[in-house]
Amino acid sequence: MVIFQFKGKFTVPAAVPRFTEAPDPKKVEEGRKGAGKAMGFDPLRPDDQGKESKTVWTFETDSGYNSVPARGIADPDALNGVAQVRDKGEKSVYIGRTWMGPLPAGRYVGRMRIKLEGPGKQSMNMRLLIHGIIDKNIGFATEEYKRTDEAHTLIADGKYHDYSIEFEAPKDGLAPCFIGGAYTEAPDDNRFLMDRIVIEQLERYTDAQLALKNPMQAPDGLLVGGEPGLDVLVVKGWTWDTYKLGEVLPMLAGADRITERWSNSGEAIEFPQKYEELFKYDVVVLCNVGSYWLQYDGRKVLKDFVEAGGGLVVLGGLYTLGQGNIAGTTLEELLPVTLAGGREVQRAATPLILKAGKGGPNFGALQWAGQPAVYWRHMVTPKAGAATSLLAGTEPALVTAMVGKGRVAVFTLTALGDKVGNETPFWQWTGWPTVL
Ligand SMILES: [Ca+2]
Ligand SMILES: [Ca+2]
């Protein structure tokens with residue numbers, strides 16, 4: 001049980017409440033396959049329709065960064081107790097929410113939860129803005145205006161209703177803005193409230209769909225590798241230092257041949273989007289990095305880079321592989337493993353001891369006496385034809401395969417967990433830098 005204390009005091013009950021029901025195995029399984037997104041609604045409110053899944057995002061109009069100059073007011077009907085308001089006496093105010101994203105490419109509907117307290121004519125104009133891509137105005141009004149479009153008619157019955165706007169995000173990483181104005185001809189008689197905007201994905205575009213919209217091809221004659229010598233592009237996500245990337249890569253390539261990009265929680269910041277930018281490297285290392293922020297262009301360029309002879313190393317963690325929204329992308333096609341899904345990083349019942357497997361590289365000569373151990377690992381499966389040159393217990397720890405002229409290596413282990421006995425966490429083992 002996790003208790004969040006927002007205000008006041010909470011006393012833990014003297015007698016710990018017992019669980020009266022065993023967990024539903026079907027729900028547990030569903031949860032394991034989910035995206036692992038944080039909840040954005042209040043599960044204690046039965047009227048909260050904020051169904052949470054990897055395709056629904058809830059944006060309160062009174063929290064998060066919002067550049068719409070709107071005012072919040074306490075409202076018991078608002079799902080989080082606060083809504084934007086055009087109060088009595090006000091003829092016209094700004095309402096809305098900006099930067100609702102980043103979203104993966106696809107088709108969406110934005111549902112605005114709005115309450116009108118009558119009587120009198122009221123209207124709302126909503127500007128749907130995705131910078132550089134969409135900028136259009138959608139009008140909504142009460143029926144006194146005798147609008148014929150039912151979907152755009154506002155209901156002034158003192159209750160919250162959802163009003164929808166559909167839109168397309170033609171590429172990954174966009175963040176729509178709903179910038180609106182609420183207006184009335186009878187400011188002393190009525191009030192307008194906007195609680196939240198729920199963005200629901202109607203269709204996610206696969207990379208195959210995006211490829212049709214956006215054909216890309218490496219320029220003729222462009223070769224992988226750039227200057228002579230090893231050039232490495234590394235995206236340093238969380239636990240990069242535990243993995244000792246900061247020591248190992250300079251030993252391999254020399255510090256001046258390493259280009260760093262950063263990732264906080266899976267997003268690769270400023271990953272190359274053009275063939276000429278990526279093909280000057282020999283190897284790309286993605287440490288705990290997911291697919292969204294590579295964007296379609298970055299994923300496609302990376303796939304063509306590997307097929308043309310580049311190397312790709314993927315290091316496991318909470319934000320990558322099945323937990324990095326890689327399924328359905330060109331990145332998934334590159335991987336020598338089949339992903340398990342949104343909860344695939346799981347703790348081993350007992351530490352899994354690393355040992356040499358089959359196929360190159362040959363790790364047989366390393367000092368195995370230290371019992372290098374893995375605690376949490378991705379529950380992924382090697383694809384046919386892949387080599388498993390490192391094992392954790394009997395499970396694959398390093399899986400490699402040729403893809404076109406290039407090679408891909410996936411470490412299914414994560415640098416997470418605590419020592420429990422005489423074993424050594426693998427990242428503290430003397431052989432680990434050699435393996436990496
Ligand atoms: Ca609200
Ligand atoms: Ca080179």
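Is Tyr292 buried or exposed, and why?

Mentor: This is a predicted model, in which local features need pLDDT of at least 70, side-chain atom pairs count only at pLDDT 80 or more, and totals for chains, interfaces and linings use all residues. Residues are numbered from 1 along each chain as its sequence is written, and chains are lettered from A and ligands numbered from 1 in the order in which they are written.

Tyr292 is buried because 23 C-beta neighbours lie inside 10 Å; a residue is called buried if 20 or more other C-beta atoms, placed from the backbone, lie within 10 Å of its own, exposed if 12 or fewer, and partly exposed in between. The residue sits in the loop between strand E14 and helix H5 (295-307). Helices (H or I, at least four residues) and strands (E, at least two) are DSSP runs, numbered from the N terminus.

Leaving out residues up to four places away in sequence, Tyr292 touches Pro102, Pro104, Asp172, Gly173, Glu267 and Asn325. Contact here means C-beta atoms, placed from the backbone, within 7 Å. The C-alpha atom of Tyr292 is 7.9 Å from that of Gly324, although the two residues are 32 apart along the chain.

Now the domains. The assignment gives domain 1 (51-204) and domain 2 (207-435), with bounds from an automatic or database domain assignment. Eight residues of domain 1 are in contact with eight residues of domain 2. On the domain 1 side, four of the touching residues are nonpolar, one is polar and three are charged. Here Ala, Val, Leu, Ile, Met, Phe, Trp, Tyr, Cys and Pro count as nonpolar, Asp, Glu, Lys and Arg as charged, and the others, Gly among them, as polar. The C-alpha centres of the two domains are 42 Å apart.

Apart from its neighbours within four places in sequence, Val234 is in contact with Leu245, Leu249, Ile258, Glu260, Val285 and Cys287.

Methods:
Two residues are in contact if their C-beta atoms, placed from the backbone, lie within 7 Å.
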